[in-house]
Amino acid sequence: MIYLKTPEQIEQMRPAADLVSRTLGEVARWIQPGVTTHRLDTIAREFIRDNGGKPACLGYGGFPGTLCIEVNETVVHGFPSTYTLREGDIVGIDTVVEKDGYMGDSCYTFAVGDIAPDVMDLLRTTKESLYVGIEACREGNRIGDIANAVQAYCEARRYTVVREMCGHGIGRDMHEDPEVPNYGRRGTGPVIRNGMVICIEPMINMGSRNIVIEQDGWTCRTRDRKPSAHYEHTVAVIGGKTDILTTFDYIKDVLKDKFI
Ligand code: MF3
Ligand code: CO
């Protein structure tokens, strides 16, 4: 069941979307060789609470952190740990914040120091595919149009699309209907209507699309252990226009000329 939001309700979702965006901006300041992912998690948890929010991932279905940490071959849902980031790593930071009764969800994959050019291309392409998906998110289109746009963009560049994990609706709950896959056929799936608020989140691999879930029951990685990238925005359809509620501008302010 898709919960369409009124324009007033969408306004009420902006603080959560802004806080999750600012949280990723704060984490961006600390991403460098030598930092543990556990440290990043603590920084995010404190930042969210200091700003009147609630870290929604923490304890969700037993998830042990504020941040999902996605180092190199990790696709989604990695745990914060004692792992120390190294030059050449990539790390996706995915988190959900609750504020004023609503959720905001965003993810950004960062380069740690200098990374290999082919990995940089994976990041760039995945981030571009997010905006290609958002472009297809228009009133009257269908969810399959978003899915197909992301898939076509990435596969044309010889990357592969993770199929087992999807984007989703969002509101008072972190995960609402509809599912928003990153692969599929045009003209299929639910019609995109005013009041829809969804998370679009391409998860794109350099090697094969296959994934495995680790023994911890959460950590999802590529089967071939090649890198995977992930970017996510929360977007709303209001008055026939698509509005990106989250923003990477805070990250841009931190990364400056390293922002891609
Ligand atoms: N953006 C992630 C998702 O939609 C956030 C997961 S939080 C967790 O799945 F608690 F489930 F890990
Ligand atoms: Co999400």
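Predicted model: local features only at pLDDT ≥ 70, side-chain atom pairs only at ≥ 80, totals over all residues.
To find the two residues, look for tyrosine 108 in strand S5 (residues 102-111) and for phenylalanine 248 in the loop between strand S15 (241-244) and helix H5 (249-255). The pair links distant parts of the chain, as its two members are 140 residues apart.

Phenylalanine 248 has another ring partner, tyrosine 131. Here the ring centres are 6.5 Å apart and the planes stand at 90 degrees, so this pair is edge-to-face as well. Tyrosine 131 lies in helix H3 (residues 117-136) and phenylalanine 248 in the loop between S15 and H5, so the pair ties together parts that are 117 residues apart in sequence.

Are these two partners buried or exposed? Phenylalanine 248 has a relative accessibility of 3% and counts as buried, whereas tyrosine 131 is partly exposed, with a relative accessible area of 33%.

| Ring pair | Distance between centres | Angle between planes |
|---|---|---|
| Tyrosine 131 and phenylalanine 248 | 6.5 Å | 90 degrees |

Ring pairs join Tyr108, Phe110, Tyr131, Tyr231, Phe248 and Phe259 into a cluster. The structure as a whole holds eight aromatic pairs.

Alanine 17 sits in helix H1 (residues 7-28). With a relative accessible area of 1%, alanine 17 is buried. Which residues does it touch, once neighbours within four places in sequence are left aside? The contacts of alanine 17 are Gly104, Leu245 and Thr246. Isoleucine 244 is 227 residues away from alanine 17 in sequence, yet the C-alpha atoms of the two are 9.2 Å apart in space.

Proline 80 is found in the loop between strand S3 (74-76) and strand S4 (90-99). At 16% relative accessibility, proline 80 counts as buried, because the cut-off for that class is under 20%. Not counting residues up to four places away in sequence, proline 80 touches Thr37, His38, Asp41, Gly65, Leu67 and Ile69. Glycine 104, one of the contacts of alanine 17, is 24 residues from proline 80 in sequence and 20 Å from it in space, C-alpha to C-alpha.

**Stepping back to the whole chain**

How many helices and strands does the protein chain have? There are five helices and 15 strands. The radius of gyration is 17 Å, close to the 18 Å that the globule rule gives for 260 residues, so the chain is as compact as a globular protein of that length. Along its principal axes, the C-alpha trace spans about 45 × 45 × 40 Å.

Of the 260 residues in the chain, 53% are buried. Contacts across the sequence can be described too: among those between residues at least 6 apart, 71% join residues at least 24 apart.

The chain carries 30 positive and 37 negative side chains. The centres of these two sets of charges lie 3 Å apart.

Conventions
Residues numbered from 1 in each chain as written. Chains lettered and ligands numbered in written order. Heavy atoms only, no water. Helix = DSSP H or I, 4+ residues; strand = E, 2+ residues; numbered from the N terminus. Rg over C-alpha atoms; globule rule 2.2 N^0.38 Å. Buried < 20%, exposed > 50% of the residue type's maximum accessible area, 1.4 Å probe, protein only. Contact = heavy atoms within 4.5 Å. Lys, Arg positive; Asp, Glu negative; His and termini not counted. Charge placed at Lys NZ, Arg CZ, Asp CG, Glu CD. Phe/Tyr/Trp six-rings, centres within 6.5 Å; stacked < 30°, edge-to-face > 60°.
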